[in-house]
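I opened my notebook to jot down what I could look up in this one. I'll go from the whole fold to the charged spots.

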Amino acid sequence: MAKRRVKKSRAYLLQKSLSVFFMIPVILLVSFVPLVVYANIRELSGAQAAFWGRSVHIDFFSYYKSLFFIFLTYVAVAVVGFMVWRRTYALHRSRIYIPLGVYVLFVLLSYIFSPEKSISTLGMMDMYQGVFVLVGYVLVVLLVFNLVRSDKHLHVLVGSYVFVGIMVGILAITQYLGHDFFRTAFGSRLILPPELESIADHMEFRFGQYTVYATMYNTNFVGSFAALMIPFSFALYLYAKKPWQWLLALGFFGLMVFVGFGSNSRAGMVGTVSAFLLMLVMFRRIFIKRPIKAVLPFVLLVLVGYGLNEISDGRVMRELTRLNPVADRERAKETVHFDTVKIEGDTLTVITEKASFVMEYRENRLFFYTLEGEELEMTGVEDEDYRFADEAYEDIRITRVEIHIYRVRVYHGDFNVYIHEEGLKVTDYKGEYATPDQAARIKMLDGYERMFSNRVALWT
C-alpha cells in the first residue's frame, strides 16, 4: 500500500531550515559575481550605435557580471519557487513585499513602453542593467529574506562578504600603488579571450594615478561598495569576542576604508559618512559601554585617510572639501548661467545672466548686435580675434581658428561654431553637425547646475 504523504503546516515550514547547499547561488552572487572581469566584444546597433558613434565595443566589467547575475538569481528563484509550489517550503509574509512589488511594476512598465527593446532588455553598454537585472535585484532581496533562517546560513553569507572584500582590497592596493594586477602579463591574459590576447601588451584602462577601480566599471561603484562594506566590517569588529578576532576585523575595516578613500569617489564618501552616522545611532550602547574599543576604528579611519592623502599629494582632502554643499553652491554660483544658446540660419544668439549678444555671419565675416538689434563695436576685426569694445563684454571673445571654425569663449566656457552651407552649426558628442536645443528646465534651479558634479543640470 502506497505511503500517504503528510501535509505539513505552514508554521512548520516557516521553521524549516534548508541545507547550505541551497545558499550556493546567493554565495556566488556575493563572493564571485563582483569579481568577474573578462573582455567581451559587442556589436552595437540602433540607438546605442547612434549614441556612441561606433558599431563595436569591448566590455570588461559589466557584460559577464550581468549574465552570471541573471543565471544565478533566476535559477535560485526557480528552485525555491518549485519547493513552495510543492509545499515543502514556505515564504515569510511581510509588508516589505509591497514597495518591492511597486518597484518591479514600474520596471516592467518602463520595459513595456520602451521604444528601444534591445537596451531595456540587456541594458546600455558598459552597464547592462536591463529588465532582467533590475527585477533580479528585488529577487535577490527576497531570496536572502526567505533563505537565511539559521546561524549557519548567516555565517556563510558573512564569509562571502569578507572574501569579496579581501579580494577587492588586495586589487585596490596594487592599483593605488601603481602595480595594477590587471596590467601584469598574467593579469591581462586572465581577462582576455584567446582572440584578444594579442592586445595584452598594449591594453590600458583609463583610470588616473592613485585611483582604485578594483573590478568595476566606474570608481563611484567602488566608493558605493566601500560605503556598504565599511559599516559591515565595523559591526564585525564590535561583535568580535576574542582578541585575535577583533584584530582581524579591525584590519578588514582598515582595508575597506582604504578602498573607499582610494576610489576618490565623493558618492562613496557621502555614503560612508551617512553609514557612520547610522552606526553611531545603532551601536550607541556599545559606544557607551566600551568607548575605547569603539573609537579605535575611527582612529584607523583618520590614519588611513591621512596616509593616502600624503601619498596622493592631498587628493583625499581635496575630494573631502568638495563635499561641503555650501562651498559647492558658491562654486556653482560663480559660473555664469547660460539662459539661451540658439542658432537660426547664420545667426547665433547667446543670452547669459551677465551679458548677451547676437552674432551673425555674412560677407565672409562676423557682425555683432545687442538683443535689440543695435550693432556692437568690436576690436581685433582685421585679425579675426574679435573682442567687444564695451567692458561689459570683457570676458567674451570670438576667434577664428580655421577657415570654417570660430571658437566662442564666454566666461569660463567655450564652444566651436562651424560655417556650414546650411547655416551656423555646432557639433554633438559624435562630432556631427547639429543645432543646439533649448531643454525644458526648472527655473528655480538656474545657476545651480554645476552643483554635485553637474547633477543638478540633470535634475533640472
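This is a predicted model: local features need pLDDT of at least 70, side-chain atom pairs count only at pLDDT 80 or more; totals for chains, interfaces and linings use all residues.

**Entry 1: the whole thing**

I started by counting, and the protein has 17 helices and 13 strands.

Next I looked up the overall size. The C-alpha trace spans about 105 × 60 × 50 Å along its principal axes.

Of the 460 residues, 40% are buried.

**Entry 2: a positive patch**

I went looking for charge on the surface. Arg 284, Arg 285, Lys 289 and Arg 290 form a positive patch there.

Arg 285 sits in helix H13, which runs over residues 284–289. Is Arg 285 buried or exposed? Its relative accessible area is 62%, and exposed means over 50%, so Arg 285 counts as exposed.

**Entry 3: a negative patch**

Asp 390, Glu 391, Glu 394 and Asp 395 gather in a negative patch on the surface.

I wanted to know where Asp 390 is. I found Asp 390 in the loop between strand E8 (385–388) and strand E9 (396–402). With a relative accessible area of 41%, Asp 390 is partly exposed.

**Entry 4: salt bridges**

How many salt bridges does a search of the whole structure find? I wrote down six. I went through some of them one at a time.

The side chains of Arg 397 and Asp 385 meet in a salt bridge, with 2.6 Å from N to O. This pair links distant parts of the chain: Arg 397 is in strand E9 and Asp 385 is in strand E8, twelve residues apart. I noted that Arg 397 is partly exposed, at a relative accessible area of 27%.

Arg 183 has a relative accessible area of 40% and is partly exposed. Asp 180 has 7%, and buried means under 20%, so Asp 180 counts as buried.

My next stop was Lys 425, which forms a salt bridge with Glu 422. Their closest N and O atoms are 3.8 Å apart.

**Entry 5: one last residue**

I finished with Ala 267. Ala 267 lies in helix H12, which covers residues 266–282. I have Ala 267 down as partly exposed, with a relative accessible area of 39%.

What separation did I find between the C-alpha atoms of Ala 267 and Thr 219? The two residues are 48 residues apart along the chain, and their C-alpha atoms are separated by 9.4 Å.

Methods:
Residues are numbered from 1 along each chain as its sequence is written. Side-chain values use heavy atoms; hydrogens and water are left out. Patches are made of residues with over 30% relative accessible area and no salt bridge: like charges are joined within 9 Å, nonpolar side chains (Val, Leu, Ile, Met, Phe, Trp, Tyr) within 5 Å. Accessible areas come from the Shrake-Rupley method with a 1.4 Å probe; for residues, only the protein chains shown count as cover. A salt bridge is a side-chain nitrogen of Lys or Arg within 4 Å of a carboxyl oxygen of Asp or Glu. Lys and Arg count as positive and Asp and Glu as negative; His and the chain ends are not counted. The place of a charge is taken as NZ of Lys, CZ of Arg, CG of Asp or CD of Glu. Helices (H or I, at least four residues) and strands (E, at least two) are DSSP runs, numbered from the N terminus. Buried means under 20% relative accessible area, exposed over 50%, partly exposed in between (1.4 Å probe, protein chains only).
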